[in-house]
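Hi,

Here is the structure I promised to pass on.

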Amino acid sequence: MGTGWHEWPLMVFTVLGQFVVGGVIVMGLAIIAGNLTDRQSKAVHRSMFFLWLLMGMAFIASVMHLGSPVRAFNSLNRVGESALSNEIASGSLFFAVGGLYWLLTILKKMPQGLGKVWLMLTMVLGLLFVYAMTRVYQIDTVPTWHNGYTTLNFFLSVFIGGPLLGVLLLRVAGLEVSGRGHLMLVSVLALLLSLCSALLQGSELAMISSSVQQASALVPNYGQLMVWRLVLLVLGLGCWICPQLRRGNAGVMGLTLGLVLVFAGEMIGRGVFYGLHMTVGMAVAG
């Protein structure tokens, strides 16, 4: 029984990875739109370094979970057959393609037209990476994971934290973000869907059981933890939305605080997710 905090390396890996995918999409769209001056483009690409730094930190966390880098390489032996192998392979491909784009652009070796296509490919690979993450947990003997909530919540994390991360890095690059209200709407809608998901899943936990275990007993304080998660997410997004509505532009410090709060909220949610793990030979739902 617990909240899954013993799986903190996986929590960091999945949450950070999903945030980075969302951040890449936001920054990539800003670059592809073609409205940046040369100076702004250089500043945005320099700021993009932090995306790949965070992705590197996520992979370090995943290696800590596996125990050693050798196990990470061994896990690639069954690409196409194992969900875990597919996750690591797709994540590595996303990291490599995106990182190479950034490096070639910084070195001024990336043609502008090819760069836009490369960025779009990186975004698609990022979404495939998140999908591969979800497949790792679609295990038919773990009924609390083997459902649509897992896939939905993993993708919602991309759109809750990703836009905030992307906007923060655009502000670090010196860009005005006052005209990007649609990104706030994306995060707010994702938050509302996440709340609905938590409520629906919480109500269904009582209907999942085995001969020896009740799913609702795995995380007895499920409701309280979801409330804390919601509070942190609302406060975090508020650090972005409120200044934006008042002044038309959020500051770097406020956005940084907001990102930390949102990350903490998503870590609580992911801890609950891992805490809901139950392995059964035969599960009874309903």
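Below is what turned up, helix by helix and then the aromatic rings.

First, the ground rules: this is a predicted model, where local features need pLDDT of at least 70, side-chain atom pairs count only at pLDDT 80 or more, and totals for chains, interfaces and linings use all residues. Numbering starts from 1 along each chain as its sequence is written, and side-chain values use heavy atoms, with hydrogens and water left out.

Helices here are DSSP runs of H or I with at least four residues, numbered from the N terminus. H5 (residues 112-136) and H6 (residues 148-172) have axes that come within 9 Å and cross at roughly 145 degrees; axes are lines fitted to C-alpha atoms over the stretch in contact, with angles from 0 to 180 degrees between N-to-C directions. Taking contact as heavy atoms within 4.5 Å, H5 brings residues including Leu127 and Tyr131 against H6 residues including Phe154 and Val158.

H8 (residues 222-247) reaches 37 Å from first C-alpha to last, close to the 38 Å expected, that being 1.5 Å times one less than its number of residues.

On to the rings: the whole structure holds 18 aromatic pairs (Phe, Tyr or Trp six-membered ring centres within 6.5 Å; planes under 30 degrees apart are stacked, over 60 edge-to-face, the rest tilted). Phenylalanine 49 and tryptophan 102 have ring centres 5.6 Å apart and planes at 40 degrees, so they count as tilted.

Cheers

Technical notes: Helices (H or I, at least four residues) and strands (E, at least two) are DSSP runs, numbered from the N terminus.
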